[in-house]
Structures are given as structure tokens and as C-alpha cells.
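Reader: I would like to learn how to read salt bridges in a protein model. Could you walk me through some?

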Amino acid sequence: MSTLTGAFHWLTTGSSWRGGEGIATRLGQHLMLTGASVGIACAVALPVGIGLGHLGRGGTLAINVSNIGRAVPTFAVLVLLAIGPLGLGDTTTITALTLFAIAPLVTNSYVGMREVDPGAIEAARGMGMSGAQVLRRVELPLALPMILLGLRLAAVQVVATATIAAFINGGGLGRFVVDGLANNQRDRVVGGAILVAVLALLVDGLLFALSRLLSGAPRTRSRASA
Amino acid sequence: MAIVASGTCLRRNAWICGDYVRTRSDELWSATREHISLTVSAVALGLVIAIPLVLFARRYRVTVAWIGGLANVLYTVPSLAFFALLLPATGLSRTTVLIGLVAYTLVVLFRGLLAGLDAVPDDVRESARGMGYGPVRLLLTVEVPLALPAIMAAVRLATVSTIALVTVGAVIGHGGLGNLIYDGLNESFKSEVLTASVLCVALAIVADLLLVIVQWLLTPWRHHRRRQPSRTSQPSRAPRGDARGDGTGGHAGGGQAHGHGRPSLAGSPPGSPTGPATGTTT
């Protein structure tokens with residue numbers, strides 16, 4: 001119990017938030033690493049997943065990517081990259097985080113596109129829409145909830161993995177846990193863990209709210225047609 | 001040391017080094033054993049807790065949302081934070097890692113088992129009841145066999161993710177092969193890191209294959225049926241209709257043997273909140 005009170009004391013003391021190794025800086029680093037990785041992963045994965053889904057090809061590829069991603073430990077990849085050619089540093093962390101964000105993004109956007117009612121696509125074609133129009137005005141809006149779910153999974157995964165990045169001397173909130181364990185400062189370990197947990201839950205909740213907000217449109221449309 | 005003298009690949013710090021595997025086989029073997037024992041205990045304990053929980057949730061439907069929400073929170077908290085949060089209670093022990101792992105398997109298994117049982121068609125259940133089946137017989141001889149593919153999919157997912165997750169336990173000294181990866185990081189020992197990582201992935205693949213075989217043995221009726229159908233030539237059409245029916249959440253979809261059930265796994269974690277959401281609007 002004393003560790004918990006110690007952790008809360010550490011969290012509520014102003015000085016632990018300030019400075020180059022304070023909570024504010026570490027939080028900023030964590031968000032930077034997460035944002036950059038998810039951004040790059042989206043730029044790479046969404047066109048691939050959406051493209052494959054639109055064409056209806058490469059399904060096994062899209063699905064196996066995420067199965068392999070699950071079997072490979074994030075920790076192992078981080079360490080392999082760190083002692084390998086990339087060395088310690090932010091580039092390594094962002095590379096590893098991006099790799100792990102790609103899998104859920106590709107899979108979910110692919111599945112989202114494939115789950116679009118074939119009848120809706122047929123109808124759109126029958127109305128004379130071109131392939132690009134079908135993609136933009138029918139498939140994408142209908143696949144959006146699934147794509148956003150992929151984004152949410154990817155973001156939560158990246159927030160979690162960014163914590164492990166502290167092992168390879170990366171920044172971020174995981175540093176409090178890893179350094180705290182090394183220096184036997186239990187209040188920091190637990191305090192850091194609380195921060196990480198809260199951040200992950202916040203990101204999850206915010207993206208859930210966002211997907212609710214954005215996927216409201218197709219739902220009302222379907223209600224009107226029913 | 002004799003080790004250094006024996007191998008040049010060790011001195012060169014090569015990625016692939018037979019001498020490393022030979023000289024440290026004891027260490028590798030004991031790490032692998034710890035890895036396997038943590039995984040097996042976590043999945044077994046997860047099942048032991050998940051089964052009564054699922055039965056309870058099915059009996060009292062109101063609790064599904066509560067348990068599901070709690071499961072989501074557990075699943076979202078990063079593993080490293082989870083282990084660290086348990087420190088005040090259980091210290092730097094194997095128990096800390098095991099509790100964390102059980103929590104994650106529990107989430108996957110609870111969702112998978114529930115979705116699998118829920119996907120059993122109502123008319124099948126009705127017919128069984130009409131034939132005089134009691135609740136226990138209905139569950140054991142009708143519902144569980146029909147839900148087996150989904151249940152096994154959940155067990156496989158739980159096992160494979162646990163094998164990957166065990167490595168993070170290295171932070172408190174009980175990470176199986178993760179301990180070697182952690183040591184290798186501190187010493188920049190390339191072959192140690194690569195060997196342990198490869199063993200990890202190999203473990204996951206072997207475990208998954210074993211579970212596929214178990215599933216094959218448990219569901220003999222599925223192989224007889226597969227020889228006949230002509231609709232397997234159009235696999236993309238047929239299962240899609242089913243998948244839409246029972247929603248994106250859960251591992252419910254049948255036909256997971258040809259990889260069509262997989263997408264629902266990717267969508268499953270937050271699938272529980274989206275499921276009811278679409279249900280209420282329509």
C-alpha cells in the first residue's frame with residue numbers, strides 16, 4: 001500500500017512533472033512517437049488495405065499479415081532493430097511501432113471493404129458510377145467503421161508498444177517504469193504505469209467516440225431507406 | 001572463458017552462431033521451458049476462469065456489458081504497465097507475470113467463447129429443447145460442439161498472443177525467452193537476441209499447429225462435410241452473408257479453416273461496443 005501512496009504522491013508533486021526528465025516531457029515524447037508511427041502506418045497501410053479490398057485481391061496476404069504480427073513479440077523486434085543496423089534511438093522506435101501498426105490497419109481496412117454489401121456495389125454500378133466513384137461514395141463510407149476500428153486497435157497497440165520502447169533507451173512514459181525498476185524506485189514504477197494505463201484508455205476512448213461520431217452518417221441513411 | 005575460445009562467431013558477435021546455441025543450450029532450454037510453462041498455465045487458468053464466467057454471463061445477460069467493458073479496460077492497459085501495477089501486491093515474482101498473462105487470455109477467451117455459443121442458431125437450440133434436452137445436455141452435446149471452431153479460434157488466439165506477451169515479463173525477470181532477449185540487449189549480444197526471438201516465433205507456430213490438430217481431432221464431422229460442397233469454389237460469396245448476419249464483433253464466423261473467420265478476430269477487441277450499438281439503432 002505504501003507504494004501506491006508513494007506513487008500518488010509522486011504523481012501529484014509539481015516538481016515531478018517539470019524538467020527534461022519530468023512527466024510532461026515524457027508524455028510529449030510518448031505522444032510524438034505514437035503520432036508519428038500511426039501517421040506513417042496509415043499512409044502505408046490504408047491505401048494497401050483499401051486498394052486490395054476494392055479489387056478483392058490479396059485477401060490471404062492481408063489476413064496473414066496480422067496473424068504474423070500477432071505471433072512476433074514486439075519486444076523482440078524492438079531489440080533486434082536496436083542492436084542491429086538502426087541502433088538505439090527514435091528512428092528505431094518509430095520503425096518498430098510503425099511495423100506493428102500496419103497489421104491491424106491493413107487487415108481491418110481490407111475486411112471493411114470486403115464486407116460492404118455486394119448489392120450496394122451492384123446498385124451503384126447500375127446507376128452508372130465509375131470504379132472510383134463506387135470506391136469513394138459507396139465502399140469507403142460503408143467500410144469506414146471497420147477502418148476506424150483498425151485505427152483504434154493500431155493506436156492502442158502503438159501506445160502500449162511505445163512503453164516498451166523505454167527498454168531501448170527511447171523516450172516516453174515507459175522510462176519511469178524501466179528506470180524505476182533499475183533504480184528500485186517503486187513509486188515511479190507504479191506512478192508511470194498508472195500514467196501509461198490512463199493514456200491508453202484515453203486514446204481508446206477518444207477514438208471510440210470519434211468512430212461513433214463519423215460512422216453516424218451511414219447509419220441514419222440506412223434507417224431512412226428501411 | 002572456454003566459450004570465447006571455442007567459437008569465432010561468438011567473438012565476431014555474429015547474428016547466427018551455432019556455437020552460441022551449442023554452448024548455451026542449457027540456458028536456452030530452461031528459458032524455453034519457462035516460456036512454455038507460463039503460456040500453458042496462463043491459457044489453462046484463463047479457460048478455468050472464462051468458462052464459469054461465460055456461463056454466468058449467458059444466464060444473466062445484463063452482466064455481459066459489464067464484464068465486456070471490464071475486459072476491454074484490462075485489454076487496453078499495456079502489458080508493461082499491468083505488470084508494474086501488480087508490483088505492490090505480488091512483487092518481482094512469477095505470479096505477477098502470470099496474473100497479467102491470465103488477464104489478457106481471459107479477455108480473449110471470454111469474448112471468443114461467448115461469441116461462439118451465441119452464434120449457435122436458435123432453431124437448433126429449439127429443436128434440441130423440443131426433443132427434451134435439459135440445459136446441461138443442450139450445452140454439452142449441442143452448443144459446445146457447434147461452437148467448437150469459434151472456441152478453438154479463441155484458444156489459438158490466446159495462446160499465440162500469450163507466447164508473444166511473455167517476453168515483456170523480462171522486465172521483472174520472468175519472461176522466458178524474453179529474459180535472453182533482455183540480456184542480449186544489455187550486452188549487444190546479437191546471436192542471443194536472434195536465437196531467442198526465432199525460438200519465440202517458432203513456439204507460437206508450433207503451438208498454433210498443435211491446436212489446429214486438436215481442433216481437427218475434436219470436430220470429425222467437419223471433414224466429412226468438406227468433401228461434398230460445390231460452393232467452396234465460390235468461397236468469397238457464401239461466408240460473407242453469414243458474417244454480416246452475426247455482426248463484426250466476435251469470432252463467430254464459421255469456416256475459419258480457410259481463413260475467412262480471421263477478419264473477425266482482428267475486429268474483435270472493441271467489437272463488443274460496436275455490436276450492441278448497431279443493434280439498438282435498427
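Reader: What does Glu126(B) form with Arg129(B)?

Author: A salt bridge is a side-chain nitrogen of Lys or Arg within 4 Å of a carboxyl oxygen of Asp or Glu. Here Glu126(B) pairs with Arg129(B) in this way, with their closest N and O atoms 3.1 Å apart. This is a predicted model, where local features need pLDDT of at least 70 and side-chain atom pairs count only at pLDDT 80 or more, while totals for chains, interfaces and linings use all residues. Side-chain values use heavy atoms, without hydrogens and water, and residues are numbered from 1 along each chain as its sequence is written.

Reader: Where do Glu126(B) and Arg129(B) lie?

Author: Both sit in helix H8 of chain B, three residues apart, so about one helical turn separates them. (Helices are DSSP runs of H or I with at least four residues, numbered from the N terminus.)

Reader: Is Glu143(B) buried or exposed?

Author: Buried means under 20% relative accessible area, exposed over 50%, and partly exposed in between, using a 1.4 Å probe and protein chains only. Glu143(B) has 4%, so this residue is buried. By contrast, Arg129(B) is partly exposed at 45%.

Reader: Which side chain meets Glu143(B) at 2.6 Å, N to O?

Author: That is Arg125(B), in a salt bridge. Arg125(B) lies in helix H8 (residues 122–130) and Glu143(B) in helix H9, both of chain B, so the pair ties together parts 18 residues apart in sequence. Arg125(B) is buried too.

Reader: How many salt bridges are there over all chains?

Author: The count comes to ten. Some of them link up in a network of Arg58(B), Arg61(B), Asp118(B), Asp122(B), Arg125(B) and Glu143(B).

Note on methods: Chains are lettered from A and ligands numbered from 1 in the order in which they are written. Helices (H or I, at least four residues) and strands (E, at least two) are DSSP runs, numbered from the N terminus.
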